[in-house]
Amino acid sequence: HGSSPETVTNPEYSKGIVEAGCHKHWDVLTFQTYSWDNFDPEEVREPLERIRELYAENSSYGKDRPIFTTLGYPSSVEEGWITSSEEKQAKMLARILLTDQFSGVNVTLWYNHQDDIYAMATWGFYGLYKSQDEGSKILEPKPAYVAAKAFSSLLQGFHFLSRLNAGGSEEYVLEFADANAAESRYAAWTRSGTPVTITAPLKKG
């Protein structure tokens with residue numbers, strides 16, 4: 001089952017699906033968590049949790065049924081609905097991946113693998129790689145690819161454990177632990193548009 005951004009922010013649609021019994025025939029829930037105005041990845045966490053609880057309460061669906069999200073962010077914009085760059089795309093990718101981990105999302109499907117030289121305007125610039133001439137076998141990674149690689153390398157074998165108190169609602173410090181809880185790693189960022197100092201109670205070592 002796949003759903004649009006409106007489904008996440010307004011879960012009445014999913015409630016109707018549950019009441020109709022359609023959810024009993026699904027193996028995975030997939031949501032497109034795009035938001036076209038003032039996009040902040042962190043805004044999807046609470047709606048996703050409400051939807052997960054809805055399915056757990058109304059059937060044998062349970063909280064263990066996988067949830068996937070499909071999302072992307074452009075590195076260049078022509079329509080004017082947001083301001084972006086390759087550096088901002090990389091930052092947003094990291095926030096999206098971390099927020100999905102924080103929200104219990106099992107798989108994040110990123111749009112797109114590489115820029116599309118034939119696409120119109122903004123839709124051509126969602127890739128992790130820059131567009132190449134047709135037939136070229138060389139892919140040039142964008143900063144977003146570097147961010148995705150760092151996320152994968154640093155947190156491989158680790159799972160989300162908790163969000164630590166960082167002193168404000170705009171600041172995030174997430175703790176990830178390995179399978180044996182012997183090592184912790186942390187990710188920190190802010191939704192604020194200006195630099196901030198973050199203080200959080202990290203473990204020793």
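Predicted model: local features only at pLDDT ≥ 70, side-chain atom pairs only at ≥ 80, totals over all residues.
User: Which element gives the largest share of the lining of the second largest cavity?
Analyst: The second largest cavity holds about 40 Å³ of space, and the residues that line it include Thr33, Phe39, Pro41 and Val44, together with Leu71, Ile96, Thr99 and Asp100. The largest share, three residues, comes from residues 86–102, which form helix 4.

User: Which residue of strand 7 is the bridge partner of Glu171?
Analyst: Strand 6, covering residues 171–178, runs antiparallel to strand 7, covering residues 184–190, and seven bridges join the two. Within this pairing, the partner that Glu171 finds in strand 7 is Thr190.

User: Which residue takes a positive phi in the hairpin of strand 6 and strand 7?
Analyst: Between the two strands of this hairpin there are five residues. The positive phi, near 55 degrees, belongs to Ala181.

User: Which element of the chain has the highest mean pLDDT?
Analyst: The chain as a whole averages a pLDDT of 82, and 82% of its residues score at least 70. Among the elements, the lowest mean, 52, is that of strand 1 at residues 2–3. At the other end, with a mean of 96 over residues 143–155, stands helix 5.

Technical notes
Residues numbered from 1 in each chain as written. Heavy atoms only, no water. pLDDT = per-residue confidence, 0-100. Helix = DSSP H or I, 4+ residues; strand = E, 2+ residues; numbered from the N terminus. 1 Å grid on protein atoms, 1.4 Å probe; cavity = no way out; pocket = protein on both sides within 12 Å on 5 of 7 lines; lining within 4 Å. Points joined across faces, edges and corners; volume = space filled by probe spheres on them. Pairing = 2+ DSSP bridges.
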